[in-house]
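Open the model in a viewer and keep the selection panel at hand.

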Amino acid sequence: MKIGIIGAGGIALAHLRAAETVPGVEAAGVYDVMPDKAAELAGRFGCAAFSSTTELYERVNAVVIASPNHTHADYAEEAVRHGRHVLCEKPMTTTVAEAERITALAEESGLVCAMGFNYRYLDAIGEIRNLVRGGELGSVLFAEAGFRRGSALTRSRFTWRDSALGRSTSGSLGDLGVHLVDMLDRLFDSPVDSTSCRTKLQVNVPQKEGQDVQVDDYAFVSGRLENGTFFNLTTSKSSLPEELGFSLKIIGDRKELYYHSEDDTTYFLKSRVTWEQGTFAREEVLASPPGEVPGWSDTFRHQLREWRDAVTAQDGGAGRSADSALAGFGDGLRSQRVLERLLTGDQGYALAAPVSR
């Protein structure tokens with residue numbers, strides 16, 4: 001499978017690193033609206049820097065969309081109309097209308113159109129999902145997930161992520177929370193009931209380079225899944241170093257589970273007053289950047305391998321493996337609907353309107 005990357009930022013780098021490790025996948029090249037950036041990234045991996053998406057489509061049969069959020073819909077539509085398989089980074093688009101349009105187009109095409117929900121491939125999530133599905137915790141009553149970073153404090157330059165271009169999808173809730181929304185669905189086989197949710201958005205770093213930041217850097221959501229399980233989510237890009245990481249607490253009627261990424265491959269189970277410790281295996285092929293969840297870089301490798309398998313099966317007339325964790329555009333649309341509802345809130349705030357400070 002020959003892939004082309006649209007975008008030349010940090011996520012494009014992660015996909016190119018992964019492509020080097022997956023047999024049967026060749027990174028043909030990179031396109032970016034900033035040719036110098038495309039040339040620099042392509043040069044690091046010995047592939048081509050394309051001058052246009054048309055040139056890219058001529059050289060590949062599959063496309064990774066790793067550009068800014070507000071460009072996802074147009075690039076996805078363009079790639080599908082050129083008959084190319086697509087892996088689109090999250091969030092899928094910036095509006096539900098766009099997500100519905102490209103999902104319908106993808107379904108009509110018969111192509112393998114996948115979503116970049118790479119956190120599904122964290123070894124911790126795989127282990128915890130097995131515990132939940134195996135009944136180790138009993139009936140799940142409550143889940144609490146947290147994803148805390150400090151990028152709003154450490155990145156002082158004003159970029160598209162801080163602007164209204166992404167209609168708030170590049171903030172803490174859109175960028176990090178959409179992973180948690182998908183993760184809850186994946187862990188408990190039940191989507192978020194967005195009509196039950198209450199949301200708090202906050203900007204703790206209100207200006208960068210003299211410009212007003214238009215997206216949240218802290219979010220809290222409380223609600224329930226469609227199966228009745230209650231949950232709390234917290235996302236932050238303005239957390240202090242001692243607060244950083246991914247955390248998950250699940251309370252069942254038999255046991256409670258606690259996991260924090262700082263514990264790497266260890267989790268804790270509590271039954272009444274007795275604690276026990278569990279571990280899971282994690283093979284590290286690609287080192288993750290400092291501050292990322294352990295195993296983050298390898299999630300791109302696992303995701304790319306399953307996308308390759310799905311494309312190969314599709315081209316051979318077979319269906320996708322039932323064991324695959326690969327998210328499709330239908331998953332992206334479902335998460336986009338939840339995200340839009342959470343960003344607008346029950347009070348009917350307009351998207352991209354200034355959030356509370």
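Start by selecting strand S4 and strand S5 (residues 85-89), which run parallel and are joined by four bridges; two strands pair if DSSP finds at least two bridges between them. Helices (H or I, at least four residues) and strands (E, at least two) are DSSP runs, numbered from the N terminus. Show Val-64 and find Leu-87 of S5 opposite. Then trace the chain from S4 through helix H4 (residues 72-81) to S5, a right-handed β-α-β crossover: with the strands pointing away from the viewer, the path from the first strand over the helix to the second runs clockwise.

This is a predicted model, where local features need pLDDT of at least 70 and side-chain atom pairs count only at pLDDT 80 or more, while totals for chains, interfaces and linings use all residues. Residues are numbered from 1 along each chain as its sequence is written, and side-chain values use heavy atoms, with hydrogens and water left out.

Ile-6 has Ile-65 of S4 as its bridge partner.

Finally, select Ser-297 in helix H9 (residues 296-315). Ser-297 is buried at 3% relative accessible area. Its side chain reaches the backbone oxygen of Ala-287 at 3.1 Å. Beyond neighbours within four places in sequence, Ser-297 is in contact (heavy atoms within 4.5 Å) with Arg-17, Leu-286, Ala-287, Ser-288 and Pro-289.

Notes. Buried means under 20% relative accessible area, exposed over 50%, partly exposed in between (1.4 Å probe, protein chains only). A polar contact is a pair of N or O atoms within 3.5 Å; within protein, one must be able to donate a hydrogen and the other to accept it, and residues adjacent in sequence count only if both atoms are side-chain atoms.
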